[in-house]
Amino acid sequence: MSGTVSSSTDGPLENANILAFSVSENTKTVFAISNKNGEYRLNLVVGATYAVTVSYLGYQELVFEYHAQEDDVKDLVLTPKADILDEVVLEYKIPIEVKEDTITYQTDAFVNGKERKLREVLKKLPGIEVDREGNVTAQGKEVTKVLVEDKPFFTGNSKLAVNNIPADAVDQVQVLENYNEIGFLKGLRDSNELALNIKLKEDKKKFAFGDLEVAGGPEERYLVHPNVFYYSPKTTLNFIGDFNNTGARSFEFGDYIEFNGGFGKLLGDIRGYISLSNDDFSKFLSNTDFRANINRFGALNLRQAISQKTDLNSFLIASSNDIETKVNTLNIYNSGDAAFDENRANTEVLDNFFLIGKLTLDYEPNPKEDLAVNTFVKLTNNNASGTLLTQSFGINNTFTTNSSLQAFDIKQNLEYSKRFSKAQTLSLETTINLEKSTPTNNWITNQPFLEGLIPIQEDDQIDILQELERQTTTVDLIAKDYWVLNNFNHFYTTLGTNLLFDSSSTQEIQHLSNGNLNDFSDNGFGNVIDYRFIDTFLGLEYKFLSGIISIKSGLFYHHYIWENSQFGNTVNNTTNVLLPEFNAEAAFSNSEKLQFRYNQRLRFPQSNRLLNNFLLNSFNSVFLGNRNLQNERFHNFSLSYYKFSLFRGLNLNAAVSYNRKTQSIKNSTVLEDIEQFVTFTMFNEPENSLTGDFRFSKRLGNLKLGIDLTGDYSEFFQLVNDNVSKNFSRSLSVTGKVETFFDKLPNLEIGYSFEPSDFETSAITNEFINKEFFGLLSYDFLKNLKLSVDYKRVDYENRTQRLTNTFDLANASLFYKKEDSPWGFEISTSNVFNTQIKRQNSFSDFLISDETTFIIPRIILLKVSYKL
């Protein structure tokens, strides 16, 4: 049955609720929500009889009986209420409620009671998707924050929430578009954040709940996974533990980014994002493939409402990992005139520990004022030892490698916002950050290496130790005034400064077998640098609304000062620049938008690129900084289109972005065999990159069809052996999939991905093709049993080198739990086919890498779970 819902006086009604309650037995309640044109559609069972209820706020409810015989068009007209009742008690909760930028799901209307974790609940909600890693998208957009009872759950990252919150505790799921933690800044401060707010059932709002999983298997495999949650109106206490040797890891790179402020906030501070993503801790978290992994993880979150105006929130996360990795790599070097190969085998044993904590004090004396004080702390202690074998051009050398990192990071942040009137709002923010790290690297071999580049003395064993020390202090101050002239015109003023003080030193020493030391500082090595960077800026922005079009244009004046002092010599630099920004959005409706963005950015050299003496970068690389480096300049353009229809089960996202770098810092490399001497120089030839993304999904009854398409094209220059050449990189990824949503039949998700890519240099073109077939099966049967299987088959082909590899990865589990019993039993197998390796490729300035990574073998576990 389809048609329109309209008012007897005002035309079509958007977001009217149409509910078809079954009069027949064994037939589900069916619901629909009208779209902006008032259109609705109900998928009914032929021959069934329904009591249909149509409701809309301020209108008299329309109720009638309908017998479903064939497709039918029925237009529904509602009459405004003559009188408003003092109180209305709804006996039935609407499954989906849409109010402006909030969608509320009543989860009981979509689940069957056999779901174990929040992720299984979310996968059954229309318009929400959860991938294998626990990343959530709603209305086709990525969820950036997860709240429980309106408060952030740990860091707010989705993975911790969806994989740990018990399904039976969830009453409602709210999707909050344009989420802002400070309510009165909504509509003033631009926000692309999409948040999920999990509402708990009444009996869980002052109650301790959770679950405990314990598992064991052959070869001394084990898993212990406790989750305990306590919620009350004033106190929240959450604990998540994870102790296993199965390779599962509860804290990954995305969680670390959220801990430091989230992708959105960091991408606005590109200097901070690059620094964070390149630090040693991030590199450790980004490594997800290993031969063995013992994981010890604990996370504690405590929130206490001190008063109605004051809230204290804290969390502490600790992790310790013992990891073994093995990677074989075919490296193809492009020297400009020719290409040659290197075979490299690298095994490592890593011992990593980190402790991170956050304490937040929120004070809201009234609805127009907000104060937040945040303290962040991070401690890191990582150690690694390994063996590296390299073979090329008759060279055969083996290194024993050792490295360590001790680091300390503390950050203090204060944010204050006040709305003085409807026209005037002010925000202030200050952050002070202190980081200190002491990395060391050690290479041991019995053959000389980097001859002519490092001053090695002949010895039976060559033992090189590198010690580094770095201390960085940053201070950020910003004030922003929001002046609302009227509902259609806003004027924003921003004033601020960013200060960076960086002191670092490096030293390389050869330990000789006779006990003496060969200090490389006698031959131009060893660095001591003090780096200072100051950015003072003033920005003016004007935002206006005309019909469906909103435009914000801005101009920011920056006064930059940066200087570096090394061994008594100082280089000072200063520049003044105007940087424009422009955003335009056409909002056809709340669920259909077209957006264009442009901005211009400068990026300044990090201190290690300014070093005046040589630095040993790796066993085959030495680099020399350039203290006279200037800034890089970027132009960024993006165009995106978004459409979401709950009525039609439609999600469509399309985006294209173009980046033009007009001034850059380039590596200038002298390449001899695999050994590299790298310097840095300014380069003014423009480099371009273009990225496109298209995602589409459509719900058709119990089926959902989807297609994802991404493409990337980039052109850039390489400077190798005094040759300047232009390289090209092209890649495409096309994925099609279909997913089923049956109540009593097995549910499947099946898809296929095709990913060609090529890397073209002046000497060689390398072509790669990845093809992947994947499938997931979930089947509830015999009332108390649930079967889960996921499988993928990957075909990898390096066409240039004529290398191929096919591998299969699969996991399976069978779970048993009686409906009213707290006990559950599960037998699971990961890596069912006992696959040993994975293949992938990568590309940099002059190096193409074909990588073979060894992974954890098959693991069989018998698991017992108990629900608290």
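Q: How many bridges join strand β16 (residues 170-177) and strand β17 (residues 194-200)?
A: A strand is a DSSP run of E, at least two residues, numbered from the N terminus, and two strands pair if DSSP finds at least two bridges between them. Here β16 and β17 pair in the antiparallel sense over 7 bridges. Look for glutamine 174, which stands opposite asparagine 197 in β17. By the way, this is a predicted model, where local features need pLDDT of at least 70, side-chain atom pairs count only at pLDDT 80 or more, and totals for chains, interfaces and linings use all residues. Residues are numbered from 1 along each chain as its sequence is written, and side-chain values use heavy atoms, leaving out hydrogens and water.

Q: What order do the strands have in the open sheet of 6 strands?
A: Read it as β9-β10-β16-β17-β14-β15, with mixed pairing. At the edges sit β9 (96-99) and β15 (151-152), each pairing on one side only.

Q: What joins β25 to β26?
A: A hairpin does, through 4 residues. Strand β25 (residues 395-419) also runs antiparallel to β24 (residues 369-392), with 24 bridges.

Q: Is glutamate 541 buried or exposed?
A: Buried means under 20% relative accessible area, exposed over 50%, and partly exposed in between (1.4 Å probe, protein chains only). Glutamate 541 has 2%, so it counts as buried.

Q: Which side chains make a polar contact with the side chain of glutamate 541?
A: A polar contact is a pair of N or O atoms within 3.5 Å; within protein, one must be able to donate a hydrogen and the other to accept it, and residues adjacent in sequence count only if both atoms are side-chain atoms. For glutamate 541, the partners include lysine 480 (3.1 Å) and lysine 552 (3.4 Å).
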